[in-house]
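Student: Hi, I have a model open and would like to talk it through. Could you help me?

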Amino acid sequence: MPQPIAHLEQFEASPSRGLTLPDGRNAFIVRVHGRVSAFVNRCPHQRVPLNLPDGAFLDAGGELIQCGMHGALFLPESGECVFGPCQGRFLEPVAISIDAEGNVYLASK
C-alpha cells in the first residue's frame, strides 16, 4: 500500500508544505480555499525553487503561489503564472489524490 505524502491536518497551521518526491524531485503542496494542489518546486522563469526564504510558497494574502526569487504569482488551482516574468506559463503539476481520512497520496499513473 502506498505511503501518504501528507495529511490535510498539516495544512491547518500552514497552508503550504515542501516535500521530496520518491523520484527525488522537490515539490510542494498548497491548500487554498479548501482546494489542495501540488506542483514541482521549480519556477518556469529560471527554473529556481519557488519557496520564499521562510519556506512558504504562498503570497502574504495566502491566495497565490509566489516565486521567492522574482515575485511571480501563480494560480494555485492551475499553476498558471498571472504576474511576473513568466506570465502565461505554468508550473509542472504533481497529480495527487486524497482519501476519506485526509491522507494525501501521489496519484496512480
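Tutor: Happy to; we can start with the model as a whole and then turn to one residue.
This is a predicted model, where local features need pLDDT of at least 70, side-chain atom pairs count only at pLDDT 80 or more, and totals for chains, interfaces and linings use all residues. Residues are numbered from 1 along each chain as its sequence is written, and side-chain values use heavy atoms, with hydrogens and water left out.

Student: What is the mean pLDDT of the chain?

Tutor: The mean is 92, and 98% of the residues reach 70 or more; pLDDT is the predictor's confidence in each residue, from 0 to 100.

Student: And where is confidence lowest?

Tutor: In helix 1 (residues 10–13), at a mean of 88, whereas strand 7 (residues 81–83) is highest, at 97. Helices (H or I, at least four residues) and strands (E, at least two) are DSSP runs, numbered from the N terminus.

Student: Switching to D59: where does it lie?

Tutor: D59 sits in the loop between strand 4 (35–40) and strand 5 (65–66).

Student: Is D59 buried or exposed?

Tutor: D59 is buried, meaning under 20% relative accessible area with a 1.4 Å probe, protein chains only. Yet D59 has no salt bridge (a side-chain nitrogen of Lys or Arg within 4 Å of a carboxyl oxygen of Asp or Glu). The nearest side chain of opposite charge, R35, is 15 Å away.

Student: Which backbone nitrogen lies 3.0 Å from a polar atom of its side chain?

Tutor: That of E63.

Conventions: Buried < 20%, exposed > 50% of the residue type's maximum accessible area, 1.4 Å probe, protein only. Lys, Arg positive; Asp, Glu negative; His and termini not counted. Polar contact = N/O pair within 3.5 Å; in protein donor to acceptor, adjacent residues only side chain to side chain.
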